[in-house]
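Have the sequence and the model at hand while reading. The report takes the helices and sheets in turn.

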Amino acid sequence: MRTIFHVDMDAFFISVERILNPSLEGKPVIVGGDPHGRGVVAACSYEARKYGLHSAMPIRDAFRLCPKGIYLHGHHKEYVRFSRLVRQFLEDKFLLVEQASIDEFYFDFTGCEKIYGHPETFARNLQKEILEKFLLPCSFGIASNRTIAKIASDFRKPLGITYVPPGKEKEFLAPLPIERMPGVGKKTIPILNARGFKTLNDIANSSTEYLSVLLGKNGIDLWNRANGHGSDVLCRDNERKNVSKETTFEEDVVSKTLIEQYIFDLSSKVCQLIRKEEWVASTVSIKLRYSDFETLTRAKTLSHPTDDDKVVYETAVDLFRKAYTRRVAIRLIGVHLSNLNHFYDQEELFEDEEMLRKRLLKVVTKIRDRYGFSSILVGKGGTR
Ligand SMILES: [Mg+2]
């Protein structure tokens, strides 16, 4: 049985804004940009939440509910900087820290009781230390698996600590409304509510057969998690899988243009895969095999991690043009992404050109998921 910690910073962007400008303390503060614009709320303070505000709501609606709030564009670089500080701090203490988003971390406490004492006491001290050191409030969830640790960290926010002892997982989940389970969202809630499912206990007492009829494979997964089961495996970013796609030609190809067309196609496919996982890649590689089986790989590390087809395509083509020096036909071409990290979803909420493109790509990912890969093409020359 493992002991997994989930740490979630409380109103993280707001906390950072208050470090930068202490006069914001105690006031309703909203990060998300122009209150008359088309953006959404990226974060809001607990004072603003009293007016009914919450993150991801249209900022215009927020402004109607709370016209006296302080609306900020946000300092994204500062959020990233503080996020790294917290991460470094945790990594100095624990062997295995997984960053789940800009303000969330998992770490494995298993076997640490001997050194650090009871997990709850330890969490209390760590919470105090993070608050004093970085001026950042946070909440902890502690449980035998990731899902429950995540639900638990949200249980008593802000400055909460929730420990679910081993064997009490199901009991802890039972009274909670179904939407507290990560992954149960807008699409799933009405389906489940219509069948009378209100709490996680209702799910736990149903059957995998019934739930899989309603929700497919996700239904089985949901039943397992409502019964207290879940993954306890953490992974460091650099251990994450790589993503690659290759094409072997039935007949060897000599046309450079045709190869580049394939690179375009493969780049779009690998990007589609990582966007679905909300990752970004820092390294792009290509694999090239000549008809005589000589095989080359070439890699480039990017200055900014990306999930953008266009960036990956341009990098891969550049590598290909430099690598393709022999006048020999090509048998195989592959595009490979590595150095994968989690994409911080919140970044999307900041409106600039790059963010607009990210938003567009997200739509592309969804359309392709639903209607197949070739249902939409993103132009090589840009999509703005
Ligand atoms: Mg948070």
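Which residue just after H12 takes a positive phi? Gly228 does, with a phi of about 90°.

## The model and its numbering

This is a predicted model, in which local features need pLDDT of at least 70 and side-chain atom pairs count only at pLDDT 80 or more, while totals for chains, interfaces and linings use all residues. Residues are numbered from 1 along each chain as its sequence is written. Helices (H or I, at least four residues) and strands (E, at least two) are DSSP runs, numbered from the N terminus.

## Helix H12

Helix H12 covers residues 217-226, and its buried residues are Gly219, Leu222, Trp223, Arg225 and Ala226. A residue is buried if 20 or more other C-beta atoms lie within 10 Å of its own, exposed if 12 or fewer, and partly exposed in between, with C-beta atoms placed from the backbone. Seen down the axis of H12, the buried residues fall within an arc of 165°, so they line one face of the helix. The arc is that of the directions from the helix axis to the C-beta atoms.

The cover over these buried residues includes H7, helix H8 (169-173), helix H10 (200-204) and helix H11 (208-215). Two residues are in contact if their C-beta atoms, placed from the backbone, lie within 7 Å.

## Helix H6

Helix H6 (residues 119-134) has 16 residues. From its first C-alpha to its last it reaches 22 Å, close to the 22 Å expected at 1.5 Å a residue; the expected span is 1.5 Å times one less than the number of residues. Leu135 follows H6 and has a positive phi, near 60°.

Pro119, Phe122, Ala123 and Ile130 are buried in H6. Down the axis of H6, its buried residues fall within an arc of 100°, so they line one face of the helix. They pack against helix H4 (76-93), helix H5 (113-116), strand E7 (138-143) and strand E8 (161-163). The face turned away from the buried side carries the exposed residues Asn125, Lys128 and Glu132.

## The five-stranded sheet

Strands of a sheet pair through backbone hydrogen bonds, either parallel or antiparallel. Here two strands pair if DSSP finds at least two bridges between them. An open sheet of five strands has the order E5-E6-E1-E7-E8, with mixed pairing. Its edge strands, each pairing on one side only, are strand E5 (97-101) and E8. E5 and strand E6 (residues 104-108) run antiparallel and are joined by four bridges. Val97 stands opposite Phe107 in E6.

Two helices lie across strands of this sheet. H6 lies across E7 and E8, at about 160° to E7. Helix H7 (residues 146-153) lies across strand E1 (4-9), E6, E7 and E8, at about 145° to E7. Axes are lines fitted to C-alpha atoms, for helices over the stretch in contact, and angles run from 0 to 180 degrees between N-to-C directions.

An open sheet of three strands has the order E3-E2-E4, with mixed pairing. Strand E3 (43-44) and strand E4 (70-72) are the edge strands. Strand E2 (residues 29-31) and E3 pair in the antiparallel sense over two bridges, and the bridge partner of Ile30 in E3 is Cys44.

Helix H1 (residues 12-20) lies across E2, E3 and E4, running at about 110° to E2. The axes of H1 and H4 come within 10 Å and cross at roughly 100°. H1 and H4 are therefore roughly perpendicular to each other (angles under 35 degrees count as roughly parallel, over 145 as roughly antiparallel, 65 to 115 as roughly perpendicular and the rest as oblique). Phe12, Phe13, Val16 and Leu20 in H1 meet Glu78, Tyr79 and Phe82 in H4.
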